[in-house]
Each structure stands twice: as structure tokens, then as C-alpha cells.
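Colleague: Hi! Could you walk me through this model, one bit at a time?

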Amino acid sequence: MATGEGRSTVTHPPSRSDRRKAATAAAIMKAAERHFLDKGFHGTKIEDVATNAEVATGSIYVHFGSKEGLYLALIERALRVEEGYLAAAFDPAKTPGEQLIAAGDAYLRFYVEHPGYFRMLAFPYFDTRPKAKADPVAARVAQLAEAQVTRLARAIGDAVEAGQIRRVDPWRAAKFMWGAWVGVISLNLRPDRLRIKDDELASVLEEGRAMITFGLSECSRVSPAGSGAG
């Protein structure tokens, strides 16, 4: 194919070796996802992943460097899937107010359709707390959370400027909204009586969405005495 500078580039098909490496990595990821989602990070043994993937244990270290590297690769996959949902929610064609509502709906769909990925991102080490403070997996997930809150804050700020919602601190409001979504959805994972059942989750979030919508509206202003501001 000719370029603007008169040079040509040729795209070569993947070699047999490249295809074999890709197939091995895919098999490892498939087995790793099954084990990590079922047993957690600390409960998963690399040897078991290798057995299920039908590869040598050493192949995992060749492709991913370490158990942490393999888990981080799975985290990155979960991030890409989640981003697909949120990107549609923050479509520039939507108004800022519509983006805020769509983001909550997208987050719920992501959880319903990919509960394992949601759990990994909300609780990277759901089986136990990580020992190391400087942990690449936890740091990557924290980076994601900050990016999500920042995007929410931007939409809230735009909605304020557009007169669609009352004037609030975008950053504080965004942290509350993000925390509320994660917290409520996480109740579906509880094993006790506080668990929100599957058939209740959507309606509970709908109530929450109505509360947030009212809270951001101008008519929700309350005077210090507790009466509606006139």
C-alpha cells in the first residue's frame, strides 16, 4: 500500500509461530478467568491454570511474567469490556444530564452481563486483602476508578453549566454517585439477609436514580430550617 511519502508498506499475515503463541495465550487467559473468578487471586494456583489450559507451567511465565501479570491481564480485559458499556453512556450526542442517567444504567448492565468482571474491578482481591502496598493490580483498578469519577464529574459540571441541574460540587457529587452505584450493586453479592435479590436490583437502582435526579434538581433545594426554599 502506497503512503503519502511515496513509500509502500506491506502487511504480512501472522506466522505459524505467532498464531501458536496467540492460541497459547488465549487458552491461558480462558483457564485463568475460570479459576480467578471462582477461587479468587490467592486461591488460584498457577499449576491448576496450566493444567486446564493444557500448557506447561513455564508457558504462563513466558507469556505473562508472573501470577500477578496474568491477573493484571485479566483485569485489563475486564476494563475493556466495562469501557464498552460506559463509552456508549457518555456518547457526546447525549446531553450531560442524559449521560449521567445512562452511566448508571450502563453500570448495571455491565454487572448483570459480566458479574465476575464487576467483582474483580470492585474488589480486586475479593478472597483476601493484598499484602503488598505497592500492588500493580490494585493501582490499575484505582486508576480506573479515578478516571470514571473524573468523567462523571465532568458530565456533572457540564450539566450545571447547561442549567440542567442545580449548582453542586461536581467532584463530590461524582464520588457519591460512583460510590452509590458500586455499593448498591455490591449488595447483590452479599450472602446474608442484606443481599438485594436479582429480581429486586433493577428496581432498587431505579429508586436510587429517582432520588439522585431529584437531589440534583432545582426544586430539591432545602432551606436551613428544613423547608423548601422559595
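**Starting from one serine**

Colleague: Leaving aside its neighbours within four places in sequence, which residues is Ser59 in contact with?
Modeller: Beyond those neighbours, Ser59 is in contact with Thr24 and Ile28 (contact means heavy atoms within 4.5 Å). Before we go on, this is a predicted model, where local features need pLDDT of at least 70 and side-chain atom pairs pLDDT 80 or more, while totals for chains, interfaces and linings use all residues. Residues are numbered from 1 along each chain as its sequence is written, and side-chain values use heavy atoms, leaving out hydrogens and water.

Colleague: Where is the place of Ser59?
Modeller: Ser59 sits in helix α3; helices here are DSSP runs (H or I, at least four residues), numbered from the N terminus.

Colleague: At what angle do α1 and α3 pack?
Modeller: Helix α1 (residues 16-43) packs with helix α3 (residues 57-64) at about 105°, and their axes are 10 Å apart. So α1 is roughly perpendicular to α3 (that label covers 65 to 115 degrees).

Colleague: Which residues in α1 and α3 meet?
Modeller: From α1 there are Lys21, Thr24, Ala25, Ile28 and Met29, and they meet Ser59, Ile60, His63 and Phe64 of α3.

Colleague: New topic: which residues of α2 are buried?
Modeller: In helix α2 (residues 46-53), the buried ones are Ile46, Val49, Ala50 and Ala53. They are on the same side of α2, because they cover an arc of only 100° around the axis (the arc is that of directions from the helix axis to the C-beta atoms).

Colleague: Why would residues three or four places apart point the same way?
Modeller: An α-helix has 3.6 residues a turn, so residues at that spacing point the same way.

Colleague: What do the buried residues of α2 pack against?
Modeller: The buried residues of α2 pack against α1, α3 and α4. Just after α2, Glu54 has a positive phi of about 60°.

Colleague: Last one: how do α4 and α5 pack?
Modeller: Helix α4 (residues 67-89) and helix α5 (residues 96-113) pack at about 145°, with axes 8 Å apart. Residues of α4 that meet α5 include Tyr85 and Leu86, and among their partners in α5 are Ala106 and Phe110.

Technical notes:
Axes are lines fitted to C-alpha atoms, for helices over the stretch in contact, and angles run from 0 to 180 degrees between N-to-C directions. Helices (H or I, at least four residues) and strands (E, at least two) are DSSP runs, numbered from the N terminus. Angles under 35 degrees count as roughly parallel, over 145 as roughly antiparallel, 65 to 115 as roughly perpendicular and the rest as oblique. Buried means under 20% relative accessible area, exposed over 50%, partly exposed in between (1.4 Å probe, protein chains only).
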